[in-house]
Amino acid sequence: MSRLDIYWSFRSPYSYLAVDRLIEIEQKFDLDTHFRPVRPLAMREPDFFERGRKQFLPYLFRDVPREAERLGVPFALPNPDPIDMDMESGKVAPDQPKLNMILALGLAAADAGSGLIFAAAAARRIWSGADWTTEEALSSAAAEAGLELADLRKWVAGNNAEIQKTIEANEAAQLEYHWGVPLMVLDGEPFFGQDRIDALQWRLEQQH
C-alpha cells in the first residue's frame, strides 16, 4: 500500500481548492493517507510578507478567484481572516488564537481518522465570506466529518503538548520537500500545489 502524506494549511486558498480532489483520490485509490496540517507560511516565516515581492499578493488575489471559477468551487475572502495580519505592511501578530483553534481541531479530527474530511468542511466555511468561527459553523463542520465538536475540543484540551509536537514534526517533514502547501508526498515523491494533483493522480494510476 502506498503512503500519501498531505501537508495542508487552513489559511491557504490553494489548499482549499485542492481538498475535494484530494478526498476523491483518497477514496479512489488504496492508500495509507496521513493528513498533516501545518501553520500558514505567514506564521512559519513571520517576515515573509514584509520582505516579499510586491507582486505576490495582487497576483494571488487575481489567481485564486480565477482558479475557483475554473474548478467550479465557491469562493469568497475569509471573514474573519484565520490569522491576524496587517495586509498593507505584511506584519503578523505574535498571537494567533483563531488559527491555533482551527489547527488544533484539525489535528483532533485527524486523530479520529477524519482529518481531510473535516479540513474540507472547515475550509468551505472559512472561504465562504461568512463568519466561520461561530459555534454553529464549527459544529456543522465537525458533523459533516461525522464528528462532534465537543469531542474534538475534549481531545484538544487533553493533548496540548502533543499538538505542539505534531505541528513541529509536520513542518519539519514538509521542509524536506518544499515550503509551500498543499504538498502531497507519495512514497517520498513530492507534488507541490493544487495544479499538480493531476500529476499525482497520473502517478497513482501508473502504480495501480
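1. Start with a cut-off. A residue counts as buried when its relative accessible area is under 20%. Ser 9 has a relative accessible area of 1%, so Ser 9 is buried. Keep in mind that this is a predicted model.

2. Where does Ser 9 sit? Ser 9 is found in the loop between β1 and α1 (13-28). Its side chain has a polar atom 3.1 Å from the backbone nitrogen of Arg 11. Now set aside neighbours within four places in sequence. Ser 9 is then in contact with Ser 15, Val 38, Arg 39, Pro 40 and Val 181.

3. Next, the salt bridges. How many does a search of the whole structure find? The search finds 14 salt bridges. A few of them are worth a look by eye.

4. Take Asp 5. Its side chain meets that of Arg 3 in a salt bridge, at 2.8 Å from N to O. Are the two partners buried or exposed? Asp 5 counts as buried, because its relative accessibility is 8%. Arg 3 counts as partly exposed, because its relative accessibility is 33%.

5. Asp 5 also forms a salt bridge with Arg 36. Here the closest N and O atoms are 3.6 Å apart. The pair links distant parts of the chain. Arg 36 lies in strand β2 (residues 31-37), and Asp 5 lies in strand β1 (residues 2-8). The two are 31 residues apart. Both Arg 36 and Asp 5 are buried.

6. Now move to helix α4 (residues 56-71). Glu 67 and Arg 70 form a salt bridge, with the closest N and O atoms 2.9 Å apart. Why are these two separated by about one helical turn? Because they are 3 residues apart in the helix. Their surroundings can be compared too. Glu 67 has a relative accessible area of 12%, so Glu 67 is buried. Arg 70 has a relative accessible area of 58%, so Arg 70 is exposed. Elsewhere, salt bridges that share partners join Asp 20, Arg 124, Arg 125 and Glu 144 into one network.

7. Then come the aromatic rings. A search of the whole structure finds 5 aromatic pairs. One of them joins Trp 8 and Phe 35. Their ring centres are 5.9 Å apart. Their planes stand at 55 degrees, so the pair is tilted. This pair links distant parts of the chain: Trp 8 is in strand β1, Phe 35 is in strand β2, and they are 27 residues apart. Trp 8 counts as buried, because its relative accessibility is 0%. Phe 35 counts as buried at 12%.

8. Compare that with Phe 75 and Trp 127. Their ring centres are 5.6 Å apart. Their planes are at 20 degrees, so the pair is stacked. The cut-off for stacked is under 30 degrees. This pair, too, links distant parts of the chain. Phe 75 is in the loop between α4 and α5 (97-111). Trp 127 is in the loop between α6 (115-126) and α7 (135-144). They are 52 residues apart. Phe 75 counts as partly exposed, because its relative accessibility is 25%. Trp 127 has a relative accessible area of 6%, so Trp 127 is buried.

9. One last item on rings. Which residues do ring pairs link into a cluster? They are Trp 8, Phe 10, Phe 35 and Phe 118.

How values were computed. Residues numbered from 1 in each chain as written. Predicted model: local features only at pLDDT ≥ 70, side-chain atom pairs only at ≥ 80, totals over all residues. Heavy atoms only, no water. Salt bridge = Lys/Arg side-chain N within 4 Å of Asp/Glu carboxyl O. Buried < 20%, exposed > 50% of the residue type's maximum accessible area, 1.4 Å probe, protein only. Helix = DSSP H or I, 4+ residues; strand = E, 2+ residues; numbered from the N terminus. Polar contact = N/O pair within 3.5 Å; in protein donor to acceptor, adjacent residues only side chain to side chain. Contact = heavy atoms within 4.5 Å. Phe/Tyr/Trp six-rings, centres within 6.5 Å; stacked < 30°, edge-to-face > 60°.
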